[in-house]
There are 4 protein chains.
Amino acid sequence: MALMEKNGWDAQKPEDRAKCADHVLMQYFERTTAAARVHDPSMPVFHNSGHITRGNRSILQYFSHLELESLPTGGWGYDHFPVSAKYVAKLPHDFLGMTGKFHTAWGEFGGFKHPNALRYECGAMIAMNAKCSVGDQLHPEGMLDDSTYDIIGTAFKDVAEKEPWCENAEPVADVAILSSEAVHGSKGNGTDADTGAARVLLQSHVLFDVVDPEMAFDGYKLLILPDNITLNATLKEKLDAYMAQGGALLLSGKSGLSQQGQQFLFDIGAEYKGESEFSPDYILPEKAFAPEFVHTPFIMYGSGQRIRASGGTSVGKVIDPYFNRTYRHFCSHQHAPNRPEASSFDCGVVKDSIMYLAHPVFTIYKKYGAVAYRQYIRNCIDHMLTGAKTIETNCPSQARVMLNHQPHMRRYVLHILYAPRELRGYFFDNPIEVIDEIPPLYDIDVSLSLPVSIQHAALQPQGAPVPLNFTNEHTLQLHLDVIQCHQMVELRY
Amino acid sequence: MALMEKNGWDAQKPEDRAKCADHVLMQYFERTTAAARVHDPSMPVFHNSGHITRGNRSILQYFSHLELESLPTGGWGYDHFPVSAKYVAKLPHDFLGMTGKFHTAWGEFGGFKHPNALRYECGAMIAMNAKCSVGDQLHPEGMLDDSTYDIIGTAFKDVAEKEPWCENAEPVADVAILSSEAVHGSKGNGTDADTGAARVLLQSHVLFDVVDPEMAFDGYKLLILPDNITLNATLKEKLDAYMAQGGALLLSGKSGLSQQGQQFLFDIGAEYKGESEFSPDYILPEKAFAPEFVHTPFIMYGSGQRIRASGGTSVGKVIDPYFNRTYRHFCSHQHAPNRPEASSFDCGVVKDSIMYLAHPVFTIYKKYGAVAYRQYIRNCIDHMLTGAKTIETNCPSQARVMLNHQPHMRRYVLHILYAPRELRGYFFDNPIEVIDEIPPLYDIDVSLSLPVSIQHAALQPQGAPVPLNFTNEHTLQLHLDVIQCHQMVELRY
Amino acid sequence: MALMEKNGWDAQKPEDRAKCADHVLMQYFERTTAAARVHDPSMPVFHNSGHITRGNRSILQYFSHLELESLPTGGWGYDHFPVSAKYVAKLPHDFLGMTGKFHTAWGEFGGFKHPNALRYECGAMIAMNAKCSVGDQLHPEGMLDDSTYDIIGTAFKDVAEKEPWCENAEPVADVAILSSEAVHGSKGNGTDADTGAARVLLQSHVLFDVVDPEMAFDGYKLLILPDNITLNATLKEKLDAYMAQGGALLLSGKSGLSQQGQQFLFDIGAEYKGESEFSPDYILPEKAFAPEFVHTPFIMYGSGQRIRASGGTSVGKVIDPYFNRTYRHFCSHQHAPNRPEASSFDCGVVKDSIMYLAHPVFTIYKKYGAVAYRQYIRNCIDHMLTGAKTIETNCPSQARVMLNHQPHMRRYVLHILYAPRELRGYFFDNPIEVIDEIPPLYDIDVSLSLPVSIQHAALQPQGAPVPLNFTNEHTLQLHLDVIQCHQMVELRY
Amino acid sequence: MALMEKNGWDAQKPEDRAKCADHVLMQYFERTTAAARVHDPSMPVFHNSGHITRGNRSILQYFSHLELESLPTGGWGYDHFPVSAKYVAKLPHDFLGMTGKFHTAWGEFGGFKHPNALRYECGAMIAMNAKCSVGDQLHPEGMLDDSTYDIIGTAFKDVAEKEPWCENAEPVADVAILSSEAVHGSKGNGTDADTGAARVLLQSHVLFDVVDPEMAFDGYKLLILPDNITLNATLKEKLDAYMAQGGALLLSGKSGLSQQGQQFLFDIGAEYKGESEFSPDYILPEKAFAPEFVHTPFIMYGSGQRIRASGGTSVGKVIDPYFNRTYRHFCSHQHAPNRPEASSFDCGVVKDSIMYLAHPVFTIYKKYGAVAYRQYIRNCIDHMLTGAKTIETNCPSQARVMLNHQPHMRRYVLHILYAPRELRGYFFDNPIEVIDEIPPLYDIDVSLSLPVSIQHAALQPQGAPVPLNFTNEHTLQLHLDVIQCHQMVELRY
């Protein structure tokens, strides 16, 4: 209260209370960090709050390193860690992934996840350049629980063997997601847009980073601005520079609009007609972009923008529903059917190095998860990356693929992760997805386009060589007979 | 209101209103069924209410057949259909499974599940002896949607080819679950107990039926009374007869107690000391029953009964927590740790053909889904079925295995289903588990103990023979190199 | 719905729904009135909704006369009727007062108010120029209840005897309240301001009417704009005309401000400094205006305006509290004490024919009812009416005094009403004030200043003459030894 | 918490928490009282909680005297003090009445009640044998407010003059109310029954005390058990002894029933048939008991008991309504009308020295306050007191009459209080009844039947003699020409 008074903040105004809270938090960071280092200036300090908010850079001066708390069964799910890690890897901090040995979450004495789950989770950490931390909770008698340390031991034994291929490894990425959370803060809907974009890329095996507006955009082949990133002058300028050096953009929903939302700040090759009056509506993409199993109009939840291709090439048509579902108009259990005729609006447009999709497709995919959405978005991304993808593979969508570079070892390391997870229970309201047996994946093909000439490939840490099969100078085709859970493939040059 | 008055029911008493509602419902069944058959007495009639409540036999006279509405992504999940089908298959009615073409549920114009999902769902229906129904919603212009019928067509093409192996097939079962829902009605907690028991058996590949108290118990090797089935005289008598002809019982929680809950109505081989004062508590099963990766105390949520083995053999020990978590005692995020010493109580006991487990293990497994629970329960079930299981297999828990008999064809038909499903979205509050790519399963071993002598085995409908390998007179060992989604194996005798 | 569509109103907008409701209501008035007169165009029609909203003139074309429903014990209280009657008497419609024979309200079979209560209520009606209606509810057997009709009979016998002095009588008024309800509608807080003003005048025995902005203001000696009547151009112009012909104004609170509240539209003789930051605050009026028993600062609830006398004469000072009671500052059970020193602001100012009081004094009096408030306000009114009051009397505040004129009889009729009422119960949340025994009032002095020369005075209907005592040409001093309940005094000229 | 543990109380049981709270409260009383007296064992100590709960005797050992907080405008109303004082006067403690100078309640700096109100309130205190305390709240500057002390001074000047007639005065009472609050505690509905009974007696000018079951019943001519006092053996025995020495009883509602409510523990002269199925119902008392202005059935709210006179004399008949108002049956705004024919049940019965009324008449009067109820009850009380009342008077019901005895002065002192109070505002939800002008009461007749021979009567403190007029040896008829607010009449013997 004294602080508010001193600063002229009015405790009855929410915005002033928020200012005060920020101030106090920074004070906390400063003071506790200093206190921790009274006797040892190199004391590592990390302030945990369960999530590293993307874009919240000002507090990082008080962190010696980052710990990504993310217990997949304790409310975070299996998608939180990848998005977080792929952002944090671009910060200057060393970082670790933190999971738990619990079946649910912290405090579950006598609760155990299956050893396969921990093996998978640790594999995911090292594949995404994180160090590994597994939370346990000590019995008050100080006894270490044998079952717990057997399980952790199994996973850590794997990690120990794999460490040489992880040291000082740097992620390779073709695409960057400009984090909506970094732009809007974690209170907004940015998380959904980021998560949706990351899911599409993970499930499509596109190599990507997550960046905030302060990070470098250079070097990415495609930058995705998911769903709700309107532009201020600073960002616009930075994007112009990125494009000038050859970068491409994928915009969706309101991304690319001015902050008042009245016009696009790029020439997207279309007239802009504001937000659609219909929600949801339908789209029918051109064949090149359509999902493989859907060739008729499909539903787009959320609100789309109205564009009419002009100068650019249409991605497909919007088909309006007969009406919105309100007290006036009603049809069956959900929304109204599509009209027989397409509207005059397009669901997307591509012009030169910019593609724009009229719906908040990443948020939609996050919320609904229909395969058709992912295929549509992936086809659009592939279009923008034609000839430029570092990796192509026949892995199923449940598998995750990463590529790291160890320049000091003159090698790349390909990581493939695969474990079916099944919704088998709830921890309060949070779904518990269980990893149990992990069936092997067979007959994996991977095609790599690298800027170097690979001399040798081998499964690691097993050491078994993998035949090299070049389809052209820079394209290397590998065939892996079988992998299980987490497999590294070393590619020496 | 007139009806209530006529019957002396008081509209201000909930129980009288319930009586009235029942009466009106029966009247509805009677009258609408009669109306539907005015012109054609053989008119099929089914009254849908989204679920066939187990044990609700009195209404079935008004149903010509049964339709099991169960859209896995629309709120029912992938567990509802198996439990329902395994009960309904024991009723005299012909029945079908009803799923939808939607990504979510009814009314989703322009929503499509992946074709693999529908193939899997139809495969599950025919494996569980149901006919197939796929819901669509017609566009008001009367147009059939091409994408929809391509997807349905793919699935139905499979079904058409497989039909000969399904006609007049009867399920084979070693175990029956006496349905808690049938005893308590769907308003109670019976559904959780039934679902939990079914999940254990499905994931452990034990052949089972679900029965209500009016159905025959004879012929089952083991009858499971899950968690909360206290006994009245009629049921006790029927169970005595079942055991007299050689049947075995698995009781858990309050099952087997008298209706006032004061004593066990069977000699379970233990003293009964009422309900535990601790919830949750811990158990440490004997090695034979323990989960393979847990050999220290593990947490049991819910309340256990207190028993002390006396005459029977202990399944393991109960270890109490230091205290219950109340306003008085607090420890960390969840429950208190286990005491260092075991209590004097047992977590289960087996005597002759009865095994009793002191916790509501099936409900616990339904709610939490920890692999350790399933392994514990499965080990107990295996103990009671030693030497008596029709099938053993190395299939992973995500796979489902059924065996049907076509006596008129002198063959058995083994069904194996496998599709990873991933939680990828929500339909309102209901999780949407998505089936997308279905990786093949390799190197499946199945051991079969059948009462007949198998002459020939073949994958169907492919027709590819499978080598017969008898390990003894009645035990046939099969090896399948690879299967995908749904595979039948014909076993001719 | 069709109507809304036809008129382009959006049913999701509250303001459009209100428009529709108004339209439908007017339609109702029009159609039902027409229907009632199909066979007899002179059929009397009244549409009852429990209150005649002041200022709602547009609907009155559908009313042949007005019925003022106002059961004092049924939620309306004993203040509703006078305010309503003193407004309605200025409309062209004939009207009646409607009370009930019930102890509580409609539908109270077997409930009876004391006969004195009904005598008082009917007396009040005729004193305020209303005809009389007493509601009963007929027993279904059609029996008239003897007790009921004895009670009504007693009251109506009185009325019958008094009728000659009521026929075509017109109220005499020195003051008019410009109805806040008429300006703001009954949904606003206008009712409190009107009721508070009427209570002050009734309890101070000042003759008054209640008027709406469409009525004539001419002829009143003082017009009160209570608390919240900001001015538009039309009203300002009308007030200017009123003042030009000699009228005086009493403004309080926000009355007299422009509609944006930034300045006074009259020269009130003070600088305006906006609304006070303190609520409540204190005032210390000059001796001439102060309550007779309070000569130190007293509390004013609600928010006052800040004025500083400049050109006008101060009515008194504002004393601020030490602070407002908020989370920051706290003192005892209620508000903070007054500061020792007065502020520089005035609690009121008078200049020429305008007096302004800085607080919403009428609303305050309505809500709190402290005698000190009434005395303060009454002193201010008296100041504005110096030498101009038609009546002065020593009647206690619980008595009510009215004066009517029967020009065709060349007489005035003075009405005095008195009955103590006591809060003795509740009808749901509404207080029931009971009139039981009515003690007589003794030794009443009334001084009258009339524009005519009175020749004869007599109690009526008793006929007993009252001596005439002229203190000057136009001032007649009467002494009444004793009256009870309702007494008329005829004054013939 | 430690205390609960030590005493084996379970903090999750409301009854154990209540035990603990009681224990702590007693401990508080003990310790703080001791602390207050460390330096001065005669230090006066009073523990205020806003009300002296009747019957709560165990705490009184910690009170040196009692202070009856009762600010009539601050939520207590003008009925709280009399009921409380008439109970407390029978305790051995000296006591005072505590009101406030505020218009509302504590903390109202700058709020003033009219001096008449305080004069009346102080008059009521001394008439009911209480000393006087007037609450003020000191300004933080320590200034005493002149207006406040003028007002208090006016009232205290009166009191000072009247003191000699109040010293060591003892109340005279014909009737005692056995306090329902004392039997049930203040959380129950006892307060309404007590208040209702006290209102009837105050308004009827019957001299009464309020007693608890531990107090002596001897000497009262009538003991009222209002509405809900069922009997245990101890109370029954005490009542038997009271009646044996000549006492009479008035029972109402459930009073007089056994604790299980199955039978009357006295011979009331009627068969008991349980509680009526109708609520409300109607009664038609015999002429002797009927209200003076109601001779047809009138409504009784609340539930009556069913009795049929047998051996006793009926007080009147019950008439049932056509039906109770439920979802089934509906009539107009409130309850259903009475049936044309009376039921076979009686609304009361009198046999020897016991009268029983079948409805909770005192609670009904408290809640509704209809004059008809009071007249009915008063007529019943008068019947039981025939020839035994100490005082009869023509005072109106708004006046209050008390008689005190000063044996050491060989005189009685009659007190008459009268002040109309009017509901004029609210303090939060509490009605504010305002005392303003107090018109005088004229021509009061009082008839007194005293056990002594009065020699002289005089108005005091004025000293004006009042003529003595004996209608028989013990009945003295006094006529008072006029009194105002509070008047004492000294009666010397």
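How many of the nine residues of helix H4 (residues 80-88) of chain D are buried?

## Helix H4 of chain D

The model is predicted. In it, nine of the nine residues of helix H4 of chain D are buried, so the rest of the structure largely encloses this helix. The buried residues of H4(D) begin with D:His80, D:Phe81 and D:Pro82 and continue through D:Val83, D:Ser84 and D:Ala85 to D:Lys86, D:Tyr87 and D:Val88. Burial here means a relative accessible area under 20%.

## Interface of chains D and B

Eight residues from chain D and eight residues from chain B make up the contact between these chains. Together the two chains bury about 660 Å², and carbon and sulfur atoms carry 51% of that area. On the chain D side, the residues that lose the most area to chain B are D:Gln12, D:Tyr327 and D:Arg328, which together account for 62% of what that side buries.

Two salt bridges cross the interface of chain D and chain B. In a salt bridge between D:Arg328 and B:Glu5, the side chains meet at 2.5 Å, N to O. The side of chain D that touches chain B consists, by class, of three nonpolar, two polar and three charged residues. Between chain D and chain B, four residue pairs are in polar contact, with both residues at pLDDT 80 or more.

## Aromatic pairs

Over all chains, the whole structure holds 58 aromatic pairs. A:Phe217 and A:Tyr242 form an edge-to-face pair, with 6.3 Å centre to centre and 90° between the planes. A:Phe217 sits in the loop between strand E6 (208-211) and strand E7 (222-225) of chain A, while A:Tyr242 belongs to helix H9 (residues 233-244) of chain A, so this pair ties together parts that are 25 residues apart in sequence. Both A:Phe217 and A:Tyr242 are buried.

In chain B, the rings of B:Phe264 and B:Tyr356 also pair edge-to-face, at 4.7 Å centre to centre and with 70° between the planes. The loop between strand E8 (248-252) and strand E9 (270-275) of chain B holds B:Phe264, and strand E15 (residues 354-357) of chain B holds B:Tyr356, so the pair ties together parts that are 92 residues apart in sequence. B:Phe264 is buried, as is B:Tyr356. Elsewhere, one aromatic cluster is formed by A:Tyr28, A:Phe29, A:Phe46, A:Tyr62 and A:Phe63.

B:Asp436 and B:Arg424 are both buried.

B:Asp436 and B:Arg424 also belong to a network of salt bridges, in which they are linked with B:Glu422 and with A:Arg374, A:Arg421 and A:Glu433.

## Salt bridges within chain D

D:Arg57 and D:Asp212 meet through their side chains in a salt bridge, at 2.7 Å from N to O. D:Arg57 lies in the loop between helix H2 (14-36) and strand E1 (66-69) of chain D, and D:Asp212 in the loop between strand E6 (208-211) and strand E7 (222-225) of chain D, so the pair ties together parts that are 155 residues apart in sequence. With a relative accessible area of 25%, D:Arg57 is partly exposed, whereas D:Asp212 counts as buried at 1% relative accessibility.

A salt bridge also connects D:Lys389 with D:Asp382, the closest N and O atoms being 2.9 Å apart. D:Lys389 is buried because its relative accessible area is 11%. D:Asp382 counts as partly exposed at 24% relative accessibility.

## A:Lys236 and its surroundings

Helix H9 of chain A contains A:Lys236. A:Tyr242, the partner of A:Phe217 described above, is in helix H9 of chain A too. The A:Lys236 side chain reaches the backbone oxygen of A:Leu265 at 3.4 Å. Leaving aside residues up to four places away in sequence, A:Lys236 touches A:Leu231, A:Leu265 and A:Phe266.

How values were computed
Residues are numbered from 1 along each chain as its sequence is written. Chains are lettered from A and ligands numbered from 1 in the order in which they are written. Side-chain values use heavy atoms; hydrogens and water are left out. Contact means heavy atoms within 4.5 Å. Buried area is the accessible area (1.4 Å probe) that two parts lose on being put together, summed over both. A salt bridge is a side-chain nitrogen of Lys or Arg within 4 Å of a carboxyl oxygen of Asp or Glu. A polar contact is a pair of N or O atoms within 3.5 Å; within protein, one must be able to donate a hydrogen and the other to accept it, and residues adjacent in sequence count only if both atoms are side-chain atoms. Ala, Val, Leu, Ile, Met, Phe, Trp, Tyr, Cys and Pro count as nonpolar, Asp, Glu, Lys and Arg as charged, and the others, Gly among them, as polar. Rings of Phe, Tyr and Trp (its six-membered ring) pair if their centres lie within 6.5 Å; planes under 30 degrees apart count as stacked, over 60 as edge-to-face and the rest as tilted. Helices (H or I, at least four residues) and strands (E, at least two) are DSSP runs, numbered from the N terminus. Buried means under 20% relative accessible area, exposed over 50%, partly exposed in between (1.4 Å probe, protein chains only).
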